[in-house]
Structures are given as structure tokens and as C-alpha cells.
Amino acid sequence: MPDPTMPLLKVTGLRKWFPVQRGFLANLLNRGRQEHVRAVDGVSFEIRRNEVLGLAGESGSGKSTVGRLVLRLLEPTEGTVELDGIDLASLDREELRKTRRRMQVVFQDPLASLNPRMTVGEAIGHPAEIHIPSLSPAERKARVLEILRAVGMTPPEFFYDKFPHQISGGQRQRIVIARALITRPDLIVADEPIAMADVSVQALLLELMAALRDEFQLTYLFITHDLATAKYICDRIAIMYLGEIVEIGTVDEVFNHPTHPYTQALMSAVPVPDPRHRRTAPLPRGEIPNPINPPSGCRFHPRCPIAQEGICDVAHPELRTVTGSSEQLAACHLRTGDYQHLDPEKQSDRR
Amino acid sequence: MTEPVFSIRNLFVEYATRDGDVVAVDDVSLDIRKGEILGLVGESGCGKTTLGKAMLRMIQPPGRISGGEMWFGGRDLMTLTEREMQTLRGRRLSMVFQDPMTSLNPLEKIVDHIVETVMTHEPGVTEAAARDRAKDLATRLGILENRIDDYPHQFSGGMRQRVMIALALALNADVVIADEPTTALDVIVEAQFLDLLRELRDEFNLTIVIITHNIGVVAEVADRVAVMYAGRMAEVGEVGEFFGDTRHPYSQGLLKSVPNIDMAEQHLYTMTGSPPSLLRPPPACRFHPRCPHAMVCCTTEQPRFAEVGSDHSAACWLYLEHPNKHPLERVDA
């Protein structure tokens, strides 16, 4: 039995560099200098049992790549992913296949995730057929019906023989969630699971995911660009920028006291359904830069309102504890690093 | 400030499908005022994009505008010939789409898009003059001058969306209809773009209709809000009145079910069911099967618009007289 106090998932120094494809001529003229997209560049975090960790950031921040690396749908360039203390890289194919039963995934687009020629019952039963071959067909069907009920598709017998095109978008995502649950996984990697659903249906899916977590003792890695959604469902949250985590902490800490200037800008930019609301932080200049040649030093420095020349453009900041908090870490020279005396808005004033 | 620049009266848009006719816009009336930003909100399939396209008479077969009037510049657009419509489109009425990449020619430089637009619509303008105007506009919209000779693929999503706005402004359009202009953008770029829209409105006295599913975007940028549900207008109001005193049960549900980064809600409100198919919409008030306040009259008669504030109206029987306002006995499945 694994130690219940140990984190379920431990990710250490994860890196994924994709080689940039070049044309024939460029290869000929520019030999030996292979460029890389540094999609994920040194990411470490832990997820405790029955916890929801949010991974938030803009497009191109590398958050989805982290999800795929955790599931080992991609091989990392460097770094390790441990599930219950077992390094996934150390497993042979058969062992990895068995471990996959414990890690399931829910992607954004349910229509693309479901085979149009498989009925709902077949789709949900399929992973059980692969991972739990000891189940008889009758036992398998009973289990599918039970899961259908758990995700709110009642009466389950009615939906069992339906095809994906015969049900609504929100119901399809419930089927994808049901299919992820059938193997009784420990970890669910949910990559923008509600982004495609209608606004009035998103709330239902979120409530469902929260309820299932309690019922099935699930642990989620919840990947999203939507901070308001993350705030609602997550216990802790990690903010990514250009392949790195710039801030991580409990939802209370990070949302109430965002510390990294990027986190502050991101939170402030989220549109709030209240016309009296005014932004609290200035918007950063420009857009997220190209991850092929990320900026030197702190990757946020060219857009940062408090960046100091000679420091932020030179040295790479490490994640360090935010003063006065227990779990919150941020990677900023002026906020958590050695140059806090240079911060135009001193930490002490903000807390 | 309050005179309508564009008036829609009892507009109907229908699509012929294999399974029958779909009424995507069903008896919609709406005034758009000069110099305002109107937020048109609703979920996918509610008809908001169809309404936006209908305003430019850009509905393609198998769809058609099957009834109603649209008054702009003293004329009913429904009476214009296609050629007259073409000179109006782009020149005085302009549309910006969600995905700018599909609206830009990948083989043409950014500057040439603007030059071509100007020279097509204003034949008297020389190429040099058009080029100067393109440069001015690009600078005004935060596009660096040395980048206007780039191609669309070299631009990021936010910059492409700025180019689309530049195209609309190049001809001094009076009304710009922007369909989900920020949906493909990240939050920070979205916020930058919304700021830009507000500045342009102030500077050029531009009238902007922003079509979106994001109620937060509306609160951020709009002066007035129009909510659509299942092809019909549900509620229209000044932004402060709308958010401060939301009246239509659908709008109320929509606002309560969206997670708000500024609030610490433990549970989200969940609306029952999902938006109806327009092939077989519910009779009378289309929201009644999902409405927590449904009454008998809601199932028999479509409500008119009721004045619920000084600049605020809602199509709901709660605010109207009717002899049969008994609560509806629901038979739950």
C-alpha cells in the first residue's frame, strides 16, 4: 500500500524541447544549429491525494504539454514524473500500460474524443475491456450503467445505446468523464474540460467534477486558461509563463495576494461581470513572446512593469517562498528574490 | 448620443434544413444608438451571429431574411439593391470576425490589405495617399510602422484583430459589428483589445456592436446590453441597470452560473437543461422549460417587452399583466 501522506504525483525538473522543423535549404545553409521550441522548461510540482491542482496560463505557456508529459503521451526531454513514488520512465511497456489505468484524461472537445460509431455504452466500457479483462460482459455493463448514473446520465439504460451525435454537447462531455472513471483511476488530467460547453452548461460540468472528486477520491490536474473557473474548482494553482511556473500556491493565497507581476496582470485582465469593476494592475505591454528564443533572465522582463535593468534581464529567478505565507512560491527577483528593496511597491505595503 | 443610428424592426431570418425550417432570428427589434458600444450576448446557437450578419444582409443560402425592416441612414436596407448594399458594406457598415486569419489574404502584406480596401471603395484616392492613411491607422492601432510590410502569418492573434479594426476604420465606417472579436485571444491581449475599442469609440465616435458569449466582456466594454435566447431578444438595458437589476430569468441564471474571479462562491448556480434546438423550439416563451418562475401563460403566449427601468426592458410575463399567471405544475421526468 502506498504511503497516504506521500504526494500522488511528483514532477521534477520537467523539460520538453521540440526541434524546430526547417526547410531543406535552411538546413543546408545553417547546419549544426538546431533550434528548439522550449515548450516546457524546468517545471516541478506535486499533487497530493484527492487534491485539485490548477495549471493556468495563456496559450503557448506550455500547460497542455505538461499534461501530456504527465500522462506520458509525450516523452520528456529531461526530468521525471513519479506516480506514487514510481518513476514512469523506469517502467517497461507492459508496466506502463498497467499504470495508465490509474491515470485518465479528459480533453476539451468531447466530439473529437468519442468514436462516432461507438455507442455510449461501448465507449465507456472500452477502457474496462482493455484494463480489467477479468470482468465478464454482464459485469462490465453493470459497471457502465453505474458510472452513467454517477455522472448524472439518468436513466442510464436510456443513454446506453445512444450514439454521440444523438446527445447534447454537455452530455457528451459527461460521457468522456464517465469513460475516464470506469477504470477507477487515481489521477485525472483534465485539459480545458469545460471550454467547449455552453455557458449555462459549464456550471453543471464543474459541479459534477467537484462532486465526482469526493465520491471517487479523485485527484485532478486541471489545465485551464480561465482563472475564474480555476478559482472555483482548484485547491492549489500554478501559473505558467513561457514554459515555466512563475507562481504556485493555494487558491486563497494566489488569488488574494498574487505576487508575481505576471500573475497580478493576468488576474487583473480577467473580465468581471460587473460594470463597476476597475482593473487593479496595469496591463503588460505586448504579447507572450516566441518560445524558440525566450528572453534572457526572467522571461517576463520585457513586459514587466517593475523590471530592473541589469538584474531581471540577466539572472534567471528561482521559485522562492513568498514572505508571510506557508505554501506560496513566486519566481521574481524583486518580490521573492534578493532585490526586494528595489520593488517600487514594497511587499510589506501590500500585505 | 441617444438617437438610433441603426434600427431593426421585427426581423426574421430563416434557414432551410433537411429537417425543416429553422427560425434563427425570430421577430427581433433593436435600436443601436450612435456612438455606443452595444454588447449582444447569448449562448451558441441563440442567433446572435445570424443577427449580426443580417444587419449587413450577409445571410447566405439556405438562409434568408424572411421579414422585417432595418433602418440605417434614413433608408430601409431591405429595399436596397445588392449593388447599393455592397457600397454600404465595408464603407459605412463593417464586420470583424472571430478568426482574423480567415479574413486576411495570406499572400498579401498587411499594408496592402488596407490600401486595397481604400482604393476599391474610394476610386479617387492615389496609392501613395492610401498608403499614408494605412500607416497612420496602423500606428494609431498600436501596429509598429516597420511591421506593416509583414504578412498575416507573421502577426499574432491580437495584432491580426487590430488589422481587422484598421480595415473597418480605413473607410470611416459608422457602425462596426464585431463577432466574438476576443474569443480567440488570451486574457491580457483581450483586455488590451477592449481598451482599444473604447478609445476608438471615443475618438472616432464609432458605433460598435460586440457579439459575445462572455458576459464579463460585456460588463467591461459595453454601454448597453442585449441578451438573446433561442432566436429571440430576452432583455435589453443600459449596462448598469442590467447588471444591477437583472430581470429576465434567463439573464439572471446566466449571470449566476458564471464563475466570477472577484467572488468566493462555494456553489455555482446551475440552470436546468440546455438551450433548445431551434428545429423544434418550445412554444410561447422559449425559456419556460428551464425557467424557475414559469407560469401557465408562459407556455401559451409569447411575452411582449415590458419596461422594467428607465432604459431597460425584458420580455417576460413576470412584468406583464395576464389573466393566467398561476405557477406551472411541472411533471418531472
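Start by selecting A:Pro155, which lies in the loop between helix H6 (137-150) and helix H7 (156-160) of chain A; helices (H or I, at least four residues) and strands (E, at least two) are DSSP runs, numbered from the N terminus. The peptide bond that leads from A:Thr154 into A:Pro155 is cis, with omega near -5°.

A word on what you have open: this is a predicted model, in which local features need pLDDT of at least 70, side-chain atom pairs count only at pLDDT 80 or more, and totals for chains, interfaces and linings use all residues. Residues are numbered from 1 along each chain as its sequence is written, while chains are lettered from A and ligands numbered from 1 in the order in which they are written. The model scores ipTM 0.84 and pTM 0.87.

Now select B:Pro62, in the loop between helix H1 (48-55) and strand E4 (63-72) of chain B. Here the bond from B:Pro61 to B:Pro62 is cis too, with omega near 10°.

Next, go to A:Arg184, in the loop between helix H8 (169-181) and E7 of chain A. Its phi is near 50°, a positive value in a residue other than glycine. Most residues other than glycine have a negative phi, and most peptide bonds are trans. A:Arg184 counts as partly exposed because it has 16 C-beta neighbours inside 10 Å; buried would take 20 or more other C-beta atoms within 10 Å and exposed 12 or fewer, with C-beta atoms placed from the backbone.

From there, pick out the open sheet of eight strands in chain A, ordered E6-E7-E8-E3-E9-E10-E12-E11 with mixed pairing. Strand E6 (103-106) and strand E11 (320-321) of chain A are at the edges with a single partner strand each, so one side of each has no neighbour in the sheet. Two strands pair if DSSP finds at least two bridges between them; E6(A) and strand E7 (residues 187-191) of chain A pair in the parallel sense over four bridges. Select A:Gln104 and you will find A:Ile188 in E7(A) opposite.

Finally, colour the contacts between the chains: 36 residues of chain B are in contact with 32 residues of chain A, contact being C-beta atoms, placed from the backbone, within 7 Å. On the side of chain B that touches chain A, H6(B) gives the most, with six residues.

Definitions and conventions:
Two residues are in contact if their C-beta atoms, placed from the backbone, lie within 7 Å.
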